[in-house]
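Please read the points below with the structure open beside you.

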Amino acid sequence: MSKTATYRLVEDRLGKDLRRHVVALWKRGESWNAIARDLHGRTDIAVTSETIRVWFSDLKPPLRPSAQDKAAS
């Protein structure tokens with residue numbers, strides 16, 4: 001994916017790598033909506049959950065912890 005101007009602006013305001021930040025939240029089990037709210041709170045830039053889902057469309061559900069993983073911890 002080529003980074004859009006909005007992506008670059010969010011990353012700049014975030015002050016760190018946007019992909020790493022989103023992946024960390026995704027691995028924690030956060031929804032696209034929760035990630036969008038987190039980014040808005042941290043950057044004051046409103047980005048929809050759908051935009052974030054498109055930006056990170058390579059993140060598939062298997063990356064998220066399963067219910068078994070959560071129960072085991």
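1. In this predicted model, the axes of helix H2 (residues 18–27) and helix H3 (residues 32–43) come within 10 Å and cross at roughly 135 degrees, where helices are DSSP runs (H or I) of at least four residues. H2 is therefore oblique to H3, since angles under 35 degrees count as roughly parallel, over 145 as roughly antiparallel, 65 to 115 as roughly perpendicular and the rest as oblique.

2. On the H2 side the contact (heavy atoms within 4.5 Å) is made by Leu 18, His 21, Val 22, Leu 25 and Trp 26, and on the H3 side by Trp 32, Ile 35, Asp 38, Leu 39 and Arg 42. These residues divide into 7 nonpolar, 1 polar and 2 charged.

3. Val 22 touches, among others, Ile 52, Phe 56 and Leu 59, when residues up to four places away in sequence are not counted.

4. His 40 lies in helix H3 and, at 35% relative accessibility, counts as partly exposed, a class between 20% and 50%.

5. Residues are numbered from 1 along each chain, and side-chain values use heavy atoms, without hydrogens and water. Local features need pLDDT of at least 70, side-chain atom pairs count only at pLDDT 80 or more, and totals for chains, interfaces and linings use all residues.

Note on methods:
Axes fitted to C-alpha atoms, helices over the stretch in contact; angles between N-to-C directions. Helix = DSSP H or I, 4+ residues; strand = E, 2+ residues; numbered from the N terminus. Nonpolar A, V, L, I, M, F, W, Y, C, P; charged D, E, K, R; others polar. Buried < 20%, exposed > 50% of the residue type's maximum accessible area, 1.4 Å probe, protein only.
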